[in-house]
Amino acid sequence: MADLSINFAGIRSPNPFWLASAPPSNSGLQVHRAFEAGWGGAVWKTIGAPVLNVSNRYGAWHYAGQKMLAINNVELISDRPLEVNLREITEVKRAWPDRAVVVSAMVESKRETWHDIIRRIQDTGADGIELNYGCPHGMSERGMGSAVGQVPEYCEQITRWVMEVARIPVIVKLTPNISDIVMPARAAVSAGANALSLINTLNSIIGVDLDTLEITPNIGGKGGHGGYAGPAVKPIALNMLAALGKDPVVGGSKLPISGMGGISTWRDAAEFLLLGASSLQVCTAVMHYGFRIVEDLCDGLSNWMDEKGFARITDVTGRSLQRVSDFSNFDLSFRAVARIDQQKCIRCNLCYVACNDTAHQCIDLMDKDGHVVPPQSYDIRTNGKEEAVNKRPSVHVREEDCVGCRLCYNVCPVEDCIRMMEEPSGRQPVTWAQISESHREVTEDWEKMKEYREKMGIHIH
Amino acid sequence: MTDIQLRTAHANTLNELLPPLSRNEAAVEAARCLMCYDAPCTHACPTHIDIPKFIKKIATQNLRGSARTILESNLLGATCARVCPVQELCEGACVLGTEHKPIAIGRLQRYAMDFAYGKGMDVFQPAKATGKRVAVIGAGPAGLSCAGELAKRGYSVTLFEKRDLAGGLSTYGIIGLREPVEVALAEVTMIAKLGVKLETGRELGTNLTLADLNTNFGAVFLSVGLGVTTTLGIPGEEHIVDGLDYIEQSKLDAPNLVIGRNVVVIGAGNTAIDCATIARRLGASQVTMVYRRSEKEMTAYAHEYDFIKREGVRFSFLTQPVRVHAESGSVNALECLRMTLGPADASGRPSPQSVAGSEFLLPADQIVKATGQEKPSIVSLLKLKTEKGFIQVDANFETSLTGVYAGGDCIRARGAASTVMAVQDGKLAAQSIHERLVARG
């Protein structure tokens, strides 16, 4: 059985799953219960500056009957007194020596204030500190949270202050509300941080109520941007995680990264590990289903690792990072075409309409005799299930015209029904970067491009 | 449980069987629909309702648009949502049917229709008056559909109905458990609001003549349904209750409906099943359905057969009634013969043949017959050409009389008679009538 334990910048935990700094880790009672359920660690809900909260704090995005594909919130950092939090952190850490107890902090941008909070956290016996440079609402207007994370210089300055007094590992948590996540990460590296974590929540307005015309969630007639999180943000988080790993400075620093942003299942978790995370934080999924989900997070990850022959988390971390590249390095000669398994096809025609309306018009409807037929070609005086099912045309890809866009694959509701088959293009592998170097004129002049295509046998449909 | 307790427990059990979907149930079910392109459910529906379209409108909570989508193809969407054999039609063709549960199309349609009728929504406004008049004879589903479609196009339509209430079998002949009478009457009201003039108590051949119609109307649509329940021709038949009357009374005069303790229902079609359901649910302790062929040849839909078996109704297949035993007006048994199946008859089904000397008595204190209806009697009155006794029509639903069209059960020489087919006939005939009257200028 795979060993799920981790040592993250010196912070040890029996599995890589930590509660993210958020409502689930708001109190000793909750963290205690989470640890009972099996969580490897918890990043305590951010403590620091005094705050007051509002009600109607959480909005959610539901789609097609599926609840909470994303949540947004205008809740601030902990509104419980600092002393209460520090006392409970001390008690929890004492009760759970094998779990990772990390404390998230956010205070005014003053050296002494940061020194004070770091010292007080260290007195609790906590295993690490996470600097919250990410909250996009409430705290940012007061010059904290994302107001820091969005300015690499602030990020670096505060991290330096923290590192002056830190005796336990310090994790810098990054905001995704920035055009290039690498910049604040480099600042943190430069300031001597021990680790990074990402992503915090995204700026968002979750919606408008069509009955009342109020913003969701409604706070006394008003509403505004809040932090967006949950399954819907995962792809954004994965991209930012990979960007750090691929950056020569950040990736080269070998600082461990705690990944988060929409992790709901062990499958999501494995993807974060493969793209460079070595600890994982979870919030929205816990807020949806409770602490119990950690069981399958661990069980599923462990079973997958066993199947793949990965003995420990470090075997997985960053394993797919080498495959992350950018467009200029993709092989322009790589060719894939869609193939439909007629046995599995249920004839919903979703691939047909997607291809014909919005992609490359290379899927045909065919009747039983193999003739291409238009849609709605049945006699309107016929009806009944036998007639509808037996006369229904089947969908066929004209492979020679298929550009391999993969839209049909994405819309198909049946697993493994449409597969993207790798087909030899008959051309030598070549990248845009190589063409730019060897045939610069092709990248600048459509006539030259035409000649190049003809020469290489590239047909555009 | 004693019989008395059973009766109480079964009181009011002819209320609509399926509860309406809640908003959340409808949302979840609508979300499950894949939104097939050129969907097979739409092809399978005789009226070709754009089903994915109305379902996705439920998903987006555009219920007004959803209802309109349904009614554009089928003016009797509320009835069809309840009585359609969806297993044989839309739901039977659902692409999710093979590995998953098909979408509950019928119940979603009812959800949208309940919304529209609950809001008293006027979905359609009649077009500018054409000044042309059309007579529709018989206010069942085919007649209502035809009348409504023509009224939408601006025709002045008079709908003649011999009974007191319009709606035809939806009002009188489908048990309340499948369709409450209020649903049928709400549809009648909707058609009337389109400008259709309804005249009840008017019957062709009694107080209405073809000459009247020819004088006053540019075209006629016959939607007269079928005749009375067929005669068995057995001694004591006068003691047998007519199944259609039985159903009608259960809907419109339930307190006075007499239900036997031991009821025998003759027939094995959908009407027979409705009769057995009434008997069982209103207190009969034993209900037996008698059919001269076997289970395989039954004309009832498979899902209705499953339903009635779960109701605890017994079956006596290969059984031919030959005589009613009654004493001072009270039935006490049905004498029957055992049958075997011989070679195929005209209907293509094996012909039942009696076994000599196999007479036996089925004890019963009430016998109900639902053995099909006579062919439309109007045929001889109007000297119409027929096909197997049904009114013969061409591809445009025109009968052998110029300008006289027909649709619904009265023309159903082929295929199963159903409400939805009648609605489609009415719709297509309205189109033909429209083309005819436009062409005449």
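Biologist: Which residues does B:Val265 touch, not counting residues up to four places away in sequence?

Modeller: This is a predicted model. Leaving out residues up to four places away in sequence, B:Val265 touches B:Ala272, B:Cys275, B:Ala276, B:Ala279, B:Val287, B:Met289, B:Val290, B:Val368 and B:Ala370.

Biologist: Which residues have the most contacts inside the largest nonpolar core?

Modeller: The general idea comes first. In soluble globular proteins, nonpolar side chains tend to be buried together. Here the largest nonpolar core has 158 residues, and B:Phe221, B:Leu222, B:Val265 and B:Ala279 have the most contacts inside it. Helix H17 of chain B, residues 419–440, gives the most to this core, with eight residues. Apart from it lies another core of 99 residues, including A:Trp44 and A:Ile257.

Biologist: Why does B:Gly138 count as buried?

Modeller: A residue is buried if 20 or more other C-beta atoms lie within 10 Å of its own. B:Gly138 counts as buried because it has 31 C-beta neighbours inside 10 Å. B:Gly138 is found in the loop between strand E1 and helix H9 of chain B. Leaving aside neighbours within four places in sequence, its contacts include B:Glu161, B:Gly168 and B:Leu222.

Biologist: How many residues of chain B are in contact with chain A?

Modeller: The size of an interface is often given as the accessible area lost when the parts come together. Counted by residues, 20 of chain B are in contact with 20 of chain A. On the chain B side, helices H2, H3 and H7 each supply at least two residues. By class, that side has 14 nonpolar, four polar and two charged residues.

Methods: Residues are numbered from 1 along each chain as its sequence is written. Chains are lettered from A and ligands numbered from 1 in the order in which they are written. This is a predicted model: local features need pLDDT of at least 70, side-chain atom pairs count only at pLDDT 80 or more; totals for chains, interfaces and linings use all residues. Two residues are in contact if their C-beta atoms, placed from the backbone, lie within 7 Å. Helices (H or I, at least four residues) and strands (E, at least two) are DSSP runs, numbered from the N terminus. Ala, Val, Leu, Ile, Met, Phe, Trp, Tyr, Cys and Pro count as nonpolar, Asp, Glu, Lys and Arg as charged, and the others, Gly among them, as polar. A residue is buried if 20 or more other C-beta atoms lie within 10 Å of its own, exposed if 12 or fewer, and partly exposed in between; C-beta atoms are placed from the backbone. A nonpolar core is a set of buried Ala, Val, Leu, Ile, Met, Phe, Trp, Tyr and Cys residues joined through C-beta atoms within 7 Å.
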